[in-house]
Amino acid sequence: MNSIKRRSWAEPFKIKVVEPLKMTTREERANALKEAGYNTFLLRSEDVYIDLLTDSGTNAMSDYQWAGMLLGDEAYAGSRNYYNLEAKVQEYYGYKYLVPTHQGRGAEHMISQILIKKGDFIPGNMYFTTTRLHQELAGGTFVDVIIDEAHDPENLHPFKGNIDLQKLEDLVKRVGAERIPYISVAATVNMAGGQPISMENLRQVRALCQKHSIRVILDATRAIENAYFIKLREKGYESKSVKEILKGLCSYSDGCTMSGKKDLLVNIGGFLALNEWDIFEEARNLVVVYEGLHTYGGLAGRDMEAMARGIEEAVHEDHIRARIGQVEYVGEKLKSAGIPFVQPVGGHAIFLDAKKFLPHLRQVEFPAQTLAAELYEESGIRSMERGIVSAGRNKETGDHYYPKLELVRLTFPRRVYTQAHCDVTVEAVEEAYQQRENIKGLNMVYEPKYLRFFQARFEKL
Ligand code: F0G
């Protein structure tokens with residue numbers, strides 16, 4: 001008989017600096033929402049109570065990172081912090097060459113411009129908004145080759161980010177390998193619900209691509225979270241460190257685009273990392289046009305230092321366990337309350353299933369957009385639409401894409417909110433769920449040309 005009580009779990013940090021939150025009344029929120037055109041991207045942050053819009057650039061830095069900020073070498077060229085960052089990227093990610101960028105899409109822009117020719121095809125494990133747009137702007141066409149399970153919110157596959165090798169092989173047969181400059185592999189897959197890809201799958205993708213001389217470019221934005229899922233779920237990796245697994249993942253690719261604003265615990269920053277000298281040389285040349293000199297790429301020295309230090313902290317086992325554990329905690333509570341959301345719980349967010357939450361709304365009435373707006377009005381919690389609005393329009397036909405997944409993302413910034421904030425969030429979602437039958441849809445009244453979800457405006461039907 002074991003008489004020792006299991007101890008509670010707590011965040012593996014204590015709080016040194018605080019930022020007060022503003023509470024608002026329902027009436028204030030209704031006004032703010034109307035002014036924002038029912039788009040949570042257009043709300044003012046000061047009107048938000050718990051901000052779960054994104055985990056991008058919203059992380060809390062550590063004292064170690066802040067100390068590094070003071071060591072910023074703000075030289076125009078050859079900053080010490082650039083070399084620190086380069087050394088950390090080489091050590092932890094394993095790539096040879098580094099081009100810093102202001103954030104992830106700066107790297108996506110460059111790799112797309114360098115590798116894609118008009119008429120090319122770029123397969124990927126589900127799209128990400130900015131990644132696909134840069135591929136299209138470079139003249140390419142994105143092709144989704146993720147496994148079918150990823151499009152089913154209830155399927156419990158442990159690696160829903162996996163690539164369907166048959167779909168990839170079919171694409172090669174259909175268009176020819178010479179029209180596929182690279183495959184864009186995300187780890188984890190944001191739009192699928194923060195779902196990981198397995199090491200075994202990436203190894204097989206690599207082998208298939210090598211056979212056809214197709215490059216593998218990793219979107220390593222949340223690859224550390226992906227590495228932790230591999231440790232938890234894939235046989236043979238239980239006793240490996242997250243650091244080792246990360247390097248293993250990257251070893252099956254030729255380079256990566258990176259938004260440091262996620263895994264790397266900073267507020268701004270990203271990079272393109274490469275193993276091929278020729279491509280690096282082109283990127284180093286292109287970066288001066290769009291971002292800045294190749295040793296700063298749009299970042300201050302201090303930002304590069306914070307990111308270099310963030311790499312060390314991000315792979316720390318206590319950190320990553322708590323990070324994924326927090327999202328898991330919210331998932332467990334929502335499950336007990338019978339709330340429909342994407343399973344298994346992903347790395348950075350809970351994705352509410354808006355089609356199931358609001359079954360009375362048609363997809364053109366924007367169920368996920370509606371639910372995000374409703375949650376804010378109800379509780380001051382800000383979330384993000386990841387459904388038909390985010391999916392945008394087909395560039396040939398001009399029609400909406402109708403994604404199978406119509407989701408609302410509750411995204412958890414790293415080290416920012418406590419378990420109590422999580423409890424409040426769950427209660428707010430439960431309340432919205434109880435009132436779901438009274439929720440009416442939206443009509444889009446303004447639609448920008450690119451990445452419409454950021455600035456589109458709506459009215460209540
Ligand atoms: N790739 C993935 C998988 C992302 O999630 C993001 C950003 C990017 C690339 C682009 O990076 O924002 O630094 O330019 N995702 C944010 C989000 C915006 O909220 O999920 P960026």
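This is a predicted model: local features need pLDDT of at least 70, side-chain atom pairs count only at pLDDT 80 or more; totals for chains, interfaces and linings use all residues.
In total, 17 residues surround the ligand, and the closest are Thr54, Arg105, Asp219, Ser259 and Lys262. Where do the residues of this shell come from? If you go by the share of the shell instead, helix α4 (residues 104–115) gives the largest one, with 3 residues.

Now zoom in on some individual contacts. The side chain of glutamine 103 has an N or O atom 2.8 Å from an oxygen atom of the ligand. With glycine 104, the backbone takes part: one of its N or O atoms lies 2.8 Å from a ligand oxygen. Arginine 222 uses its side chain, where an N or O atom is 2.9 Å from an oxygen atom of the ligand. How much of the ligand does the protein cover? On its own, the ligand has 470 Å² of accessible area, and the protein covers 95% of that. As for the space the ligand takes, that is the second largest pocket.

Take the peptide bond from alanine 187 to threonine 188, which is cis, with omega near -10 degrees. You'll find threonine 188 in the loop between β5 (182–186) and α7 (199–211). Another cis peptide bond joins glutamine 343 and proline 344, with omega about -10 degrees. To spot proline 344, look in the loop that runs between α12 (317–336) and β9 (349–353).

The last stop is about phi. Leucine 265 isn't a glycine, yet its phi is positive, near 65 degrees. And where does leucine 265 sit? Its place is the loop between β7 (255–259) and β8 (270–274).

Methods. Residues are numbered from 1 along each chain as its sequence is written. Side-chain values use heavy atoms; hydrogens and water are left out. A residue is near a molecule or strand if one of its heavy atoms lies within 4 Å of it. A polar contact is a pair of N or O atoms within 3.5 Å; within protein, one must be able to donate a hydrogen and the other to accept it, and residues adjacent in sequence count only if both atoms are side-chain atoms. Accessible areas come from the Shrake-Rupley method with a 1.4 Å probe; for residues, only the protein chains shown count as cover. On a 1 Å grid over the protein atoms alone, a cavity is a set of points where a 1.4 Å probe fits but cannot get out, and a pocket is an open set with protein on both sides within 12 Å along at least five of seven lines; lining residues have an atom within 4 Å of a point. A molecule sits in a cavity or pocket if more than half of its atoms lie within 2 Å of its grid points. Helices (H or I, at least four residues) and strands (E, at least two) are DSSP runs, numbered from the N terminus.
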